[in-house]
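User: I am new to this structure and would like to go through it step by step. Please start with any term I need.

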Amino acid sequence: MAAEALIPTSPDEAAGLFGDGTNLTVFAGGTILLPEIASGRLKPARVLMLHRSGLDSLDTGADVIRMGAATTLASLIDATDDLLTRFAEYVADGEVRRNATVGGNLCASAGLGSQRGDLGAPLIALGARVRSTGRGGERTEPIEDFLSGERDGRLVLSIEYDRPSGKTGAEMMRRRHAHSYAVANVAVCERNGGVRIGISGVGPRAARARAVEESRNPDDVLTDVEPVSDALASAEYRRKMLPLLVRRALGQLGSA
Ligand SMILES: Cc1cc2nc3c(=O)[nH]c(=O)nc-3n(C[C@H](O)[C@H](O)[C@H](O)COP(=O)(O)OP(=O)(O)OC[C@H]3O[C@@H](n4cnc5c(N)ncnc54)[C@H](O)[C@@H]3O)c2cc1C
């Protein structure tokens with residue numbers, strides 16, 4: 001049976017059609033979903049298509065950068081030049097990035113042989129806030145709370161962060177070809193006299209490295225995240241490399 005397609009033409013309509021998200025698949029850029037549907041692994045009954053929803057506005061203000069969930073990685077790269085862009089540039093290739101969205105990246109689950117959701121690391125380091133709707137209505141929360149909570153049943157509407165005034169650092173570990181997924185990502189950002197550290201690519205969800213933020217000891221990252229094994233790297237390899245990457249990223253701030 002063919003899926004029912006819901007095509008909202010405004011953010012409010014998208015939120016209304018989403019409701020509490022029951023029996024609904026959100027379809028943004030489709031770079032993850034389309035292969036799933038084409039292969040028959042996913043057979044959605046109702047699909048909320050975001051391409052005309054107006055959730056793709058991008059405001060790069062002097063103080064705050066605010067993006068609709070359906071902002072593509074390509075338009076983000078064209079309009080901004082900061083920590084987030086440095087990670088977005090490494091996701092897939094130009095063709096994929098013209099469709100892939102920030103919201104889809106945030107809500108991506110792990111793939112068959114690799115982790116996804118690379119942008120979680122820089123967004124955590126930047127102290128991003130996520131506005132979403134679903135059961136219980138609309139709410140805005142720190143990205144690390146959104147990621148560690150129940151993401152099913154939430155429609156991401158927008159993501160925003162204060163433009164960083166301090167130094168930032170980035171370490172990405174991946175194979176050298178366009179379609180490789182990350183083995184590990186570390187993003188660091190000076191904020192309010194301290195440092196925020198985001199990790200992605202080592203497990204199904206990006207996480208904030210609070211222990212390292214407090215101790216400044218890169219080895220403590222293994223109390224913050226639990227690396228997994230996949231087709232790209234073993235958990236043991238990730239455990240060995242991650243403290244090294246954290247040390248290097250902190251070194252870019254001149255503080256380790
Ligand atoms: C060749 C190739 C290479 C890739 N390389 C990378 C990589 O290096 N790093 C990486 O992180 N990813 C990679 N990806 C995966 C993917 O392209 C990105 O993660 C992308 O940002 C996903 O966005 P999308 O809009 O295409 O998501 P979609 O496929 O539309 O959706 C992905 C998931 O997010 C949900 N979703 C989408 N938007 C929302 C929303 N607003 N609210 C709630 N749920 C939502 C969907 O329901 C679905 O579960 C790659 C993909 C391909 C095909």
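Analyst: A residue counts as buried under 20% relative accessible area, as exposed over 50%, and as partly exposed in between. The model discussed here is predicted.

User: Is Cys-189 buried or exposed?

Analyst: The cut-off for buried is under 20% relative accessible area. Cys-189 has a relative accessibility of 0%, so Cys-189 is buried.

User: Which class does Cys-107 fall into, by its relative accessible area?

Analyst: The relative accessible area of Cys-107 is 36%. The range between 20% and 50% is the middle class, so Cys-107 is partly exposed.

User: How many disulfides are there?

Analyst: A disulfide is a covalent bond between the sulfur atoms of two cysteines. Two cysteine sulfur atoms must lie within 2.5 Å to count. By this rule the number of disulfides is 0.

User: In the open sheet of 3 strands, which are the edge strands?

Analyst: The strands of this open sheet run in the order β1-β3-β2, with parallel pairing. An edge strand here pairs on one side only, and the edge strands are β1 (4–6) and β2 (25–27).

User: Which residue of β3 stands opposite Ala-5?

Analyst: β1 pairs with β3 (residues 46–49) in the parallel sense, over 3 bridges. Opposite Ala-5 stands Val-47.

User: Which element gives the largest share of the shell around the ligand?

Analyst: The elements that give two or more residues are β2, α6 (102–107) and β8 (154–162). The largest share, 4 residues, comes from α6.

How values were computed. Residues numbered from 1 in each chain as written. Predicted model: local features only at pLDDT ≥ 70, side-chain atom pairs only at ≥ 80, totals over all residues. Heavy atoms only, no water. Pairing = 2+ DSSP bridges. Buried < 20%, exposed > 50% of the residue type's maximum accessible area, 1.4 Å probe, protein only.
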